[in-house]
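Hello,

Here is the structure for you to look at. My notes on what was found in it follow below.

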Amino acid sequence: MSYVIGVDLGTSAVKLLLVNPSGEVVEEVSKEYPLYQEKTGYSEQNPEDWVEQTIAGLKELVDKFSGNPSDIEGMSFSGQMHGLVLLDENNHVLRNAILWNDTRTTEQCQKINEMVGQEKMIQITKNPVLEGFTLPKMIWVQENEPELFRKAKTFVLPKDYLRFRLTNELHMEYSDAAGTSMLDIHAKKWSKEICDTFGWDLSFCPPLVNSHDHVGTLTKDVAERTGLSEHTDVFAGGADNACGAIGSGILSEGKTFASFGTSGVVLSYEPTGDKDYQGKVHYFNHGEPNAYYAMGVTLSAGYSLSWFKNTFAQDEDFDQLLDGIGDVPVGANGLLFTPYIVGERTPHADADIRGSFIGMDHSHTMKDFARAVLEGITFSLHESIAIFRENGKQIDTIYSIGGGAKNPDWLQMQADIFNANVVKLKTEQGPGMGAAMLAGYGVGWYDSLKQAADKILEAAETYQPIPNHVTQYQKLFPLYQHVYSETKGLNQSLMEFRK
Ligand SMILES: Nc1ncnc2c1ncn2[C@@H]1O[C@H](COP(=O)(O)OP(=O)(O)O)[C@@H](O)[C@H]1O
Ligand SMILES: O=C(CO)[C@@H](O)[C@H](O)COP(=O)(O)O
C-alpha cells in the first residue's frame with residue numbers, strides 16, 4: 001500500500017496526516033508552537049519553531065506507523081497565509097515572521113494606496129491592500145528596520161519556508177502568492193508595476209509554481225531525522241484556505257465552506273477571475289489550476305474561543321467548556337459578543353476595533369458567556385455569507401471545517417444562523433486533507449483533484465436549520481451588526497490605553 005503525508009502549518013499548531021489512496025487518515029500528529037504578541041496589533045512566530053515542530057511531528061508519525069516508511073511516497077503542504085518570512089542572500093531568516101493577524105501596518109496600507117492607487121491595486125491584485133497582507137509588512141520592515149531590510153534578498157510565506165527547509169528548493173505557489181498584494185492574479189505573474197513603485201527588482205520575488213507541481217525530494221538530513229525516505233516526492237501545496245477548499249471538495253460553482261480555525265473563513269468557488277465583489281471579499285487563485293475563490297475572513301474565530309478559555313477557564317478543555325451550551329437558549333439570555341479581539345477584516349477592514357460583551361446581566365453564567373462567544377463568532381462569518389447572497393450566490397449547503405467543526409452544538413448553531421444545511425465531513429481537517437490530496441494527485445493516485453474529492457470525501461453528518469431558531473437569529477443578527485458602529489468611536493478613544 002502506498003501513502004502520502006499532508007502537512008498543515010496552522011497558526012496554533014502543525015497538523016500532520018498520513019493518508020492512504022482511499023483518503024483514510026491512518027495516523028495523525030499535531031505539534032503546537034507559540035505566538036508572540038509583544039504589543040497590541042503585533043503577531044509573530046519564529047520560523048525555526050515551525051521547522052523543528054514539523055520534523056519532530058514527522059518523526060512521531062513515522063514511529064507510530066506500523067508499515068514501511070519507504071511506502072510513504074509523497075508529501076505536500078497547506079499553510080497559514082500572508083505571513084512575511086524575509087531571507088538574506090544565504091536564505092537565512094532575518095527576523096521573526098510577521099503573521100496574517102498582525103495589524104501594525106495601517107500607515108503602510110495608506111502609503112500603498114497613495115503610491116500605487118486603490119483602483120490600480122484592485123485591478124492588478126483583485127483585492128484592496130489590507131494590514132494582514134504581505135506587501136505592507138515588507139514596507140513596515142523597510143521603514144522601521146532599514147538595516148535589516150537592506151540584507152533581504154527575497155521573501156517567502158510560512159509553508160514555502162518550511163518546504164524549503166525540508167527540500168532545499170525555494171518556491172512560492174500561486175494560491176499563496178495571491179495573498180501577498182504583489183501578484184497579478186489574472187496573468188499569474190509578479191507585478192512589475194508594484195515592485196517598481198517600491199524600488200524592488202522582480203528578482204526579489206521567488207519563482208512561482210502550481211500547487212500540484214513536483215518541487216523536489218527530502219534532504220538527506222531531514223530523511224535521517226524523521227525516518228522518511230530521501231526519495232519522498234514533495235509537491236508545492238497551497239494556502240490553507242485553498243487547501244481547505246480542496247480538502248472539502250469546493251471544486252465547482254456554488255460550493256461553499258465555513259472554516260472555524262484560529263481565523264474564520266467563508267469561502268466559495270469561482271470558476272473565473274472576473275466576478276466583481278467591489279473588493280468587499282477577498283478573491284484569490286485556487287489550488288486547482290486556473291480556478292479562483294472568493295472569501296470573507298474573521299480575524300479571531302477559534303482564537304476568540306481560545307482567548308476566552310485561556311482567560312476564564314484555563315483548567316477546562318474545549319469539550320468541558322462547551323458542555324451544556326446546547327441547553328442555553330438562542331441569544332444566550334440576552335448576551336451578545338463581537339469577536340474583534342485583534343481587529344477585523346470582513347466586512348469591517350478595521351485594525352482598531354475591539355470586541356465587546358453587550359447586555360451582561362447578574363444572572364449570566366459561564367455557559368451563557370460561552371454560548372455568546374460562539375454566537376458572536378458565527379454571526380461574524382454570517383456577515384460574509386450575507387455579502388455572497390447579496391451578490392447573487394445561492395448558498396444552501398455549507399461544509400464546516402476546522403477545530404470549530406468538532407462541536408455538535410456549534411454545528412447546529414451554524415445551520416441556524418447561516419439558514420443552510422451544514423455538513424460535517426468524516427475528517428474536519430480540510431486543509432491537511434487538501435494537502436494530502438495534492439500529494440496523492442502528484443504521485444498519480446488520481447486523474448484530477450475533482451476525481452480525488454469524488455472518491456474520498458464523505459459526509460459524516462448534516463445539520464438542518466431549525467425554523468424557530470432561524471427566526472430568532474434573524475432578529476438578533478441586525479443587533480449584532482449594530483454593535484460595530486456603536487462601539488467604533490469608543491474603541492478609537494480607548495486605543496491610547498492599550499498595551
Ligand atoms: N473540541 C473543540 N470544540 C470546539 N472548538 C474547538 C475544539 N478544539 C479546538 N477548537 C477551536 O479550534 C481552533 C483551532 O482550529 P484549527 O483549525 O486547528 O486552527 P489553525 O489551523 O488556525 O491552527 C481553536 O482556536 C479552538 O477555538
Ligand atoms: O489570513 C487568512 C486568510 O486570508 C487566514 O485564514 C490565515 O490563512 C490563517 O488561517 P488559520 O490559521 O486560521 O487556518
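The largest nonpolar core has 144 residues. Such a core is a set of buried Ala, Val, Leu, Ile, Met, Phe, Trp, Tyr and Cys residues joined through C-beta atoms within 7 Å. Buried means 20 or more other C-beta atoms within 10 Å of the residue's own, with C-beta atoms placed from the backbone. Val-4, Ile-5, Val-85, Val-373, Ala-436 and Ala-439 have the most contacts inside this core. Helix H13 supplies its largest share, ten residues.

This is a predicted model: local features need pLDDT of at least 70, side-chain atom pairs count only at pLDDT 80 or more, and totals for chains, interfaces and linings use all residues. Residues are numbered from 1 along each chain as its sequence is written, and chains are lettered from A and ligands numbered from 1 in the order in which they are written.

Take Val-4. Leaving aside neighbours within four places in sequence, Val-4 is in contact (C-beta atoms within 7 Å) with residues including Val-19, Ile-72, Met-75, Ala-436 and Val-443.

Now the helix pair. The axes (lines fitted to C-alpha atoms over the stretch in contact) of H13 (residues 366-390) and H14 (residues 408-418) come within 10 Å. They cross at roughly 40°. On the H13 side, the contact includes Leu-374, Phe-379 and Ile-385. On the H14 side, Trp-410, Met-413 and Phe-418 are among the residues.

Last, helix H11 (residues 302-312). Its buried residues are Gly-302, Tyr-303, Ser-304, Leu-305 and Phe-308. Their cover includes strand E16 (256-260) and H13. Helices (H or I, at least four residues) and strands (E, at least two) are DSSP runs, numbered from the N terminus.

Best wishes

Technical notes
Axes are lines fitted to C-alpha atoms, for helices over the stretch in contact, and angles run from 0 to 180 degrees between N-to-C directions. Two residues are in contact if their C-beta atoms, placed from the backbone, lie within 7 Å. A residue is buried if 20 or more other C-beta atoms lie within 10 Å of its own, exposed if 12 or fewer, and partly exposed in between; C-beta atoms are placed from the backbone.
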